[in-house]
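Please open the model in your viewer and keep the selection tool at hand. The tour below moves from one selection to the next and says what is there.

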Amino acid sequence: MSGVHGSQQDVDIDLGGLFGAIWRNRMRVLLATVACAGIAFAGANLITPKYKSEARLLIETREPAFTTGTDRSQGREQPAFDELGIASQVQLLKSADLIKQVTRNMKLQELEEFDPTAQPSAISDLLVLFGLKKNPLDLAPEDRVLKEFAEKLVVYQVEKSRVIAIEFSSKDPGLAARIPNEMAKVYLSLQSGAKLDTNSEATRWLEPEIANLREKVREAEQKVAEYRSNSDLLPTGENSTFAVRQLNDISTELARVRGERANAEARAESVRNVLTAGGAPDTLSDVVGSQMIQRLKESEAQIQGQISDLSTSLLEGHPRLKGLRSQLVGIRGQIKAETQKILSSLENEAKTARLRETQLVQQLNSVKADTARAGEDEVGLKALEREATAQRQLLETYLARYREATSRTGSGSTPADARIISAAVEPTEVSFPKVLPITIVGAAAGFALSAIVILLAELFSGRALKPVGVVAYRREEEVEEIEPEIVVEEPVIQRETVVHTETVVRSEPVVRAEPVARPDYGPIKDVRAPAKSLLSSIAPDEDEVEPETVQASLLDTPGLADDGDFSVASVAWHMIENNVSVAISVSPSGDRGSTATVMLARRIAEEHRKTLLIDLTGSACPTRLMAQSTHVPGITDLLVGDAAFGDIIHGDRLSSAHIIPRGNANIKRAMRGIDRLAMVIDSLADAYDTVIVECGPAEVEGVRRLTRGQETDIILSIPGAEEDEIVELIGAFGEAGYSEIVLMTGEGAEPPRYPGRRAA
């Protein structure tokens with residue numbers, strides 16, 4: 001359709017028509033939906049049910065209770081598993097070694113479910129024979145079981161957690177629960193066994209290493225002792241050698257001697273100064289402290305007391321007094337002499353201190369030289385001590401690790417870094433297939449596929465396309481029908497030949513489509529121009545067709561009802577059922593018959609057929625009813641060459657049908673190209689499903705020139721005609737060689753003037 005008038009109008013998809021097509025084919029859609037649902041239901045019930053169960057493991061670091069506190073105190077606490085660690089444990093659970101261990105423990109190789117290829121079918125044998133399939137028996141039984149097991153196993157990490165789920169599906173619900181539990185058990189055993197192996201290997205490796213370290217430590221300590229002895233670096237405790245200790249002692253003694261010397265010199269100097277000045281020596285602490293001085297002082301005090309006592313009774317010249325005074329002078333001389341001795345003693349003490357100081361200084365210098373030499377030797381000693389200390393510490397570390405590894409070699413002493421938090425239980429519901437969801441999905445698929453097929457058929461056939469801007473009006477509510485005033489001049493028909501008709505019809509239902517309403521154009525008058533039809537302007541050919549007597553029967557036409565229903569709806573149904581592509585409509589009654597032809601075109605278009613009406617009437621009645629204006633280009637403009645093909649096709653204002661108006665060119669000049677008109681109709685018949693040529697009150701000769709003697713359906717649009725008139729017209733067309741004649745007597749009532757409006 002767009003190929004015919006694509007230059008004039010664009011097309012759009014009629015959504016209403018698409019859904020209408022689905023509704024019209026609802027029984028087919030329903031049958032497809034029920035069939036697909038039934039197939040899905042039967043297929044779901046034929047599938048062997050499978051059960052699914054799941055066990056869950058929590059991955060965490062676990063240590064023996066008797067070592068956890070020690071490890072934490074030493075800062076050796078193991079870090080928690082990260083994402084990569086959890087992913088590694090997932091791969092370990094899916095490893096072939098673990099699966100093989102499970103299959104051996106549960107003897108799965110003996111079950112047919114895990115080795116279905118052990119008994120191949122005939123089809124499988126044929127495929128293997130022709131080389132289209134690899135022989136499954138070439139694989140070892142364990143490998144076949146491993147492959148089948150892996151297909152039924154799903155291991156995954158629960159999102160945002162350190163939990164690993166082990167999911168297994170099987171035909172046996174008990175087996176579906178036992179296998180995940182067995183996998184978890186084997187996994188924990190492998191983890192614990194790996195730790196035991198690690199500890200055993202550590203113990204075996206540490207034993208010779210510890211023995212070697214002990215020998216190295218002994219040798220290192222022996223070297224330290226020999227070096228000390230050879231270097232005279234005897235230890236005195238607190239990381240100090242003998243030379244250092246001696247140096248410290250001499251320094252301390254020297255300081256003490258120097259203090260004593262200074263003290264003796266000071267005391268002697270003070271005694272000397274007192275004696276030189278003639279002072280009383282008894283004021284000096286060293287003098288007073290002397291016992292001799294104290295005894296002399298006591299004697300002096302006694303004599304002085306006696307002299308005082310005798311002085312009161314005796315005279316100064318008394319011999320007793322003289323003798324006492326002489327003793328007093330002698331005692332004082334002795335005190336002075338004794339003081340001099342004390343001075344000499346202090347001087348000797350100071351001299352002795354100076355000599356001791358000199359000796360200590362000499363000894364200190366000698367010890368300093370020895371200490372310097374010992375410091376150089378001590379560098380090598382410290383290196384040997386460091387080596388011995390390092391060997392000793394390593395030995396102690398190995399011994400601690402050895403004791404720890406030995407304590408963990410016992411059964412159950414090393415728990416795995418995981419624990420079961422949810423054991424698999426025997427499932428009670430089938431995991432696959434879910435009969436109800438599969439049936440629902442099958443029904444939905446059937447409905448969708450059938451609907452898609454119908455929609456594609458509508459789109460590819462073009463029935464779902466419409467010109468952009470075409471609006472159809474339909475009656476939305478009952479409105480009073482107003483019969484338009486039509487003034488028709490009845491033609492005078494001479495009744496010369498009467499063709500007897502025989503009523504023979506098929507009992508087929510007449511599809512009555514809802515009439516497409518049109519706006520009120522006022523009274524339609526039959527303006528009889530000198531040429532009642534464009535075909536009336538065609539000059540007759542020189543060759544006359546010899547008339548033939550044809551027994552035409554109105555009711556022999558397929559699609560007409562038994563009760564003589566020759567309405568627009570019945571004729572439309574006839575043309576759709578018989579797939580009539582080109583029909584020539586003749587309206588002897590003028591515009592009233594042309595109006596019925598317009599209604600026929602709209603009826604056919606309602607059934608989603610691409611319909612075109614060509615206006616060849618002299619009054620342009622179809623153009624007025626369907627086109628936007630009577631002055632648009634039409635068929636006459638095409639025939640004279642004033643318009644292109646795409647410019648003359650226009651959309652009906654009230655339906656999805658199209659119209660080629662009469663046009664504005666000179667009619668007689670246009671009818672000279674009658675041969676081109678036949679070719680135009682043939683071309684349009686290729687683009688449209690139905691092409692109706694409305695000729696108006698045309699004569700038989702004009703119609704014959706238009707069809708050029710080809711077999712074409714003739715529609716006689718005669719609303720309200722008499723039976724004799726109808727028989728006469730049929731006889732005339734029958735004599736001209738037209739055997740397919742369809743009578744259309746109108747709709748029975750004209751459409752309302754103001755119909756409801758809806759989009760086409």
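Helices (H or I, at least four residues) and strands (E, at least two) are DSSP runs, numbered from the N terminus. This is a predicted model, in which local features need pLDDT of at least 70 and side-chain atom pairs count only at pLDDT 80 or more, while totals for chains, interfaces and linings use all residues. Residues are numbered from 1 along each chain as its sequence is written, and side-chain values use heavy atoms, with hydrogens and water left out.

**The whole chain**

Begin with the protein chain as a whole, which holds 22 helices and 17 strands. Of its 760 residues, 42% are buried, where buried means under 20% relative accessible area, exposed means over 50%, and partly exposed lies in between (1.4 Å probe, protein chains only). If contact is taken as heavy atoms within 4.5 Å, then among contacts between residues at least 6 apart in sequence, 84% join residues at least 24 apart.

**A nonpolar patch**

Next, select I13, L15, F19, I452, L456, L459 and F460, which form a nonpolar patch on the surface with about 720 Å² of accessible area together. Such areas come from the Shrake-Rupley method with a 1.4 Å probe, and for residues only the protein chains shown count as cover. Patches are made of residues with over 30% relative accessible area and no salt bridge, like charges being joined within 9 Å and nonpolar side chains (Val, Leu, Ile, Met, Phe, Trp, Tyr) within 5 Å. A salt bridge, in turn, is a side-chain nitrogen of Lys or Arg within 4 Å of a carboxyl oxygen of Asp or Glu. Helices α2 (15–24) and α14 (435–461) each supply at least two residues of the patch, and its largest share, 4 residues, comes from α14. F460 lies in helix α14 and is exposed, with a relative accessible area of 72%.

**Aromatic rings**

Now turn to the rings of Phe, Tyr and Trp (its six-membered ring), which pair if their centres lie within 6.5 Å; planes under 30 degrees apart count as stacked, over 60 as edge-to-face and the rest as tilted. A search of the whole structure finds 4 aromatic pairs. One of them is the tilted pair of F149 and F168, 4.9 Å centre to centre with 40° between the planes. This pair links distant parts of the chain, since F149 is in helix α8 (residues 141–152) and F168 is in strand β4 (residues 163–170), 19 residues apart. F149 is buried at 0% relative accessibility, and F168 is likewise buried, with a relative accessible area of 0%.

**Salt bridges**

The count of salt bridges comes to 13. Because E167 lies in strand β4 and K52 in strand β2 (residues 51–59), the pair ties together parts that are 115 residues apart in sequence. E167 counts as buried at 18% relative accessibility, whereas K52, at 38%, counts as partly exposed.

Finally, move to R256 and E253, where the side chains meet in a salt bridge (2.1 Å, N to O). Being 3 residues apart in helix α10 (residues 242–277), R256 and E253 are separated by about one helical turn. Include E260 as well, for salt bridges that share partners join E253, R256 and E260 into one network.
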